[in-house]
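Here is a short report on one protein chain. Keep the sequence and the 3D view at hand as you read.

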Amino acid sequence: MVRVVQGTHIKCSDETIKQILSFLNEKMNFIIEDDGLDLIVKSDQVEDVKIELEKILEENRQATSGTPKTTNKD
């Protein structure tokens, strides 16, 4: 039996984004085809993938732009 899945083309801007998407794919299983920096993903999961990617990118922005936490040893 043939099963058809609608896909959406995503062109990754760099290898880092591709690695994050590959990491997310391990838990969400949305990648249909992987061809270098080009991905075909399940269309019905695109919005969820965007939300998760933005969360990870925002966490990284906060971690790199924030001041390091200090502890008082008084």
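Which residue in strand 3 does Thr 8 stand opposite? Thr 8 faces Val 41.

## The model

This is a predicted model: local features need pLDDT of at least 70, side-chain atom pairs count only at pLDDT 80 or more, and totals for chains, interfaces and linings use all residues. Residues are numbered from 1 along each chain as its sequence is written, and side-chain values use heavy atoms, leaving out hydrogens and water.

Three strands form an open sheet in the order 1-3-2, with antiparallel pairing. Strand 1 (7-11) and strand 2 are the edges. Each has a single partner strand, so one side of each lacks a neighbour in the sheet. From one strand to the next, the twist averages 20°.

Strands here (E, at least two residues) and helices (H or I, at least four) are DSSP runs, numbered from the N terminus. Two strands pair if DSSP finds at least two bridges between them. Strand 1 and strand 3 (residues 38-42) are joined by five bridges.

## Lys 18 in the helix

Helix 1 holds Lys 18. This lysine is buried, at 10% relative accessible area (buried is under 20%, exposed over 50%, partly exposed in between, with a 1.4 Å probe and protein chains only). Beyond neighbours within four places in sequence, Lys 18 is in contact (heavy atoms within 4.5 Å) with residues including Cys 12, Asp 34 and Leu 39.

Asn 29 lies in the loop between helix 1 (15-28) and strand 2 (31-35). Asn 29 is partly exposed, at 47% relative accessibility. Its phi is near 50°, a positive value in a residue other than glycine.

Notes
Axes are lines fitted to C-alpha atoms, for helices over the stretch in contact, and angles run from 0 to 180 degrees between N-to-C directions.
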